[in-house]
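Dear colleague,

I am passing on the structure we spoke about, and the sequence and coordinates are shown just below. My notes on it follow, and I would be glad if you read them with the structure open.

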Amino acid sequence: MKTILKTLLISLAIAASANAANHLVDQKGKTFIPHALTVAVGDTITFKNSDPFAHNAYTDDEANEFDIGMQAAGAENKVTVKAAGTFSVECAIHPNMLLEVTAK
Amino acid sequence: MLIKLGLSALLLSTAMYATEDMKKWLRPAEVPQPANNKLTPERIELGKLLYFDTRLSSSGKISCATCHHPKQGWTDLIPTSKAVGHEGAVGPRNSPVVLNTAYQNRQFWDGRVRTLEQQALGPIEADVEMNMPLDVLIPKLNKIKGYQKLFAKAYPESKGVITNDYLAKAIASFERTVVSTIAPFDKYAMGEKGALSKSAKKGFELFKGKAHCIDCHDGFNFSDGSFHNIGLNDGDLGGKELGRYLVKRRAAWYGVFKTPTLRDITKSAPYMHDGSVKTLTEATHVCGNGGRYEHNVKNKSTFMVDRKLTKSDISKITSFLKSLEGPDMKLKIPTKFPQ
């Protein structure tokens, strides 16, 4: 019984993971492209730095808090959306950069 | 209202003559204003009185203007506020200029608040500045009938009852009108080719090119609002100034400070957040040639690399920076205050 339950849970996790989408957000010209994003809980967001200098992406939203740290030119970092809600993502270096994320 | 804000008709009428690539250097025609504190002549005038009124400090000798004076480039022209703050208290940082703060979305050197309304009350309460607790100041202001009347006119919903919120809004309204005037560079950007010297024109090209100044000092305010550790004396070099890292211990904020405007930069020496740089020549060298130290400063900005600027390069960039100086904005400094 225990084995069946474990297998079922793993299968469900794989299925959920397979359904999760990845959303690309480019950091280019000191702007997040796109500026706004609607995602599902469990989806991932890949932050790509297309500028020739360092960037960052973070949110202080309690349920989805993340900070990718100093991101070098050309680098990519992926984060997972953990909870539903609307939150803002900023670049810690360039606070004029703003991304609004709506997670459903 | 546009005239009240000091916006020149010249700027408005000739902006259309600027080529597309030069338009980004011209000041927007309107100052950003929050929906709950739109500019009115009554609010601006009230804010101006409060800005210059020394009764807002516990000693009765210090006003906002003491450290941010219009005749001193909207700063105090000393490295830090030694002997200017309350009873000679020493401020830890160079007094930031008020000019064009309306266009910034982070205030103070460490960007700890977003709006001018949030900023306005901080220095009043700070013990090294005006050292006036708001729970003392507000009752004091509410006893001044002249101020009650002016608040009632500026903010009718206040009914003349002064609160922290209305005080902050009034001061912020005045600060929002402190904007740069038309400098020789603006005339050049609008198509007047003779407005800049040959040296300044070459300096502008270096500014955008070899020197990479534009990487941070971008746009009409010559600041993109970004935060950097430029490798002065902070962090690993034994300094105590950790900048934005003190707001929140985020790795990217270790020893970083806000990129200041370069508008009217000739009027506000000494420079940098610690006031340690005396001249524009030195500032250009420090920023353009990799910081003051060769040491491995923790979290030093990747922009701070040696651009191999020659003395001639620095001289030309300095010429260009001087072209960002406009005439002082028209302002009648109050000498009489509400009673």
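**Helix α10 of chain B**

In helix α10 of chain B, which spans residues 198-208, the buried residues are Ala200(B), Gly203(B), Phe204(B), Leu206(B) and Phe207(B). Viewed down the axis of α10(B), these buried residues fall within an arc of 165°, so they line one face of the helix. What the buried residues of α10(B) pack against is α12 of chain B, residues 311-322. Please keep in mind throughout that this is a predicted model.

**Chain B as a whole**

The secondary structure of chain B amounts to twelve helices and two strands, and along the sequence these follow the pattern α-α-α-α-α-α-α-α-α-α-β-β-α-α. Chain B has 339 residues, of which 47% count as buried. Of the contacts in chain B that join residues at least 6 apart in sequence, 69% are between residues at least 24 apart.

Chain B is divided into domain 1, covering 31-175, and domain 2, covering 184-322. The centres of domain 1 and domain 2 of chain B, taken over C-alpha atoms, are separated by 28 Å. Where these two domains meet, 21 residues of domain 1 of chain B are in contact with 23 residues of domain 2 of chain B, and the residues on the domain 1 side divide into nine nonpolar, eight polar and four charged.

**Chain A and its sheet**

Chain A has one helix and nine strands, arranged along the sequence as α-β-β-β-β-β-β-β-β-β. Of its 104 residues, 23% count as buried, and among contacts in chain A between residues at least 6 apart in sequence, 46% join residues at least 24 apart.

Four strands of chain A form an open sheet with mixed pairing, in the order β2-β1-β4-β7. At the edges of this sheet stand β2 (31-33) and β7 (76-80) of chain A, each with a single partner strand, so one side of each is left without a neighbour in the sheet. From one strand to the next, the twist averages 25°. Within the sheet, strand β1 (residues 22-28) and strand β4 (residues 44-49) of chain A run parallel and are joined by six bridges; Gln27(A), for instance, has Asn49(A) as its bridge partner in β4(A).

**Leu98 of chain A**

Leu98(A) lies in strand β9 of chain A, residues 98-103. It has 15 C-beta neighbours inside 10 Å and therefore counts as partly exposed, the cut-offs being 20 or more for a buried residue and 12 or fewer for an exposed one. Leaving aside residues up to four places away in sequence, Leu98(A) touches Phe32(A), His35(A), Ser88(A) and Glu90(A). The C-alpha atoms of Leu98(A) and Pro34(A) are separated by 9.7 Å, while the two residues are 64 residues apart along the chain.

**Where the chains meet**

The contact between the chains takes 13 residues from chain A and 14 residues from chain B. On the side of chain B that touches chain A, the residues divide into five nonpolar, five polar and four charged.

With kind regards

Note on methods: Residues numbered from 1 in each chain as written. Chains lettered and ligands numbered in written order. Predicted model: local features only at pLDDT ≥ 70, side-chain atom pairs only at ≥ 80, totals over all residues. Contact = placed C-beta atoms within 7 Å. Nonpolar A, V, L, I, M, F, W, Y, C, P; charged D, E, K, R; others polar. Pairing = 2+ DSSP bridges. Axes fitted to C-alpha atoms, helices over the stretch in contact; angles between N-to-C directions. Arc of directions from axis to C-beta. Domains from an automatic or database assignment.
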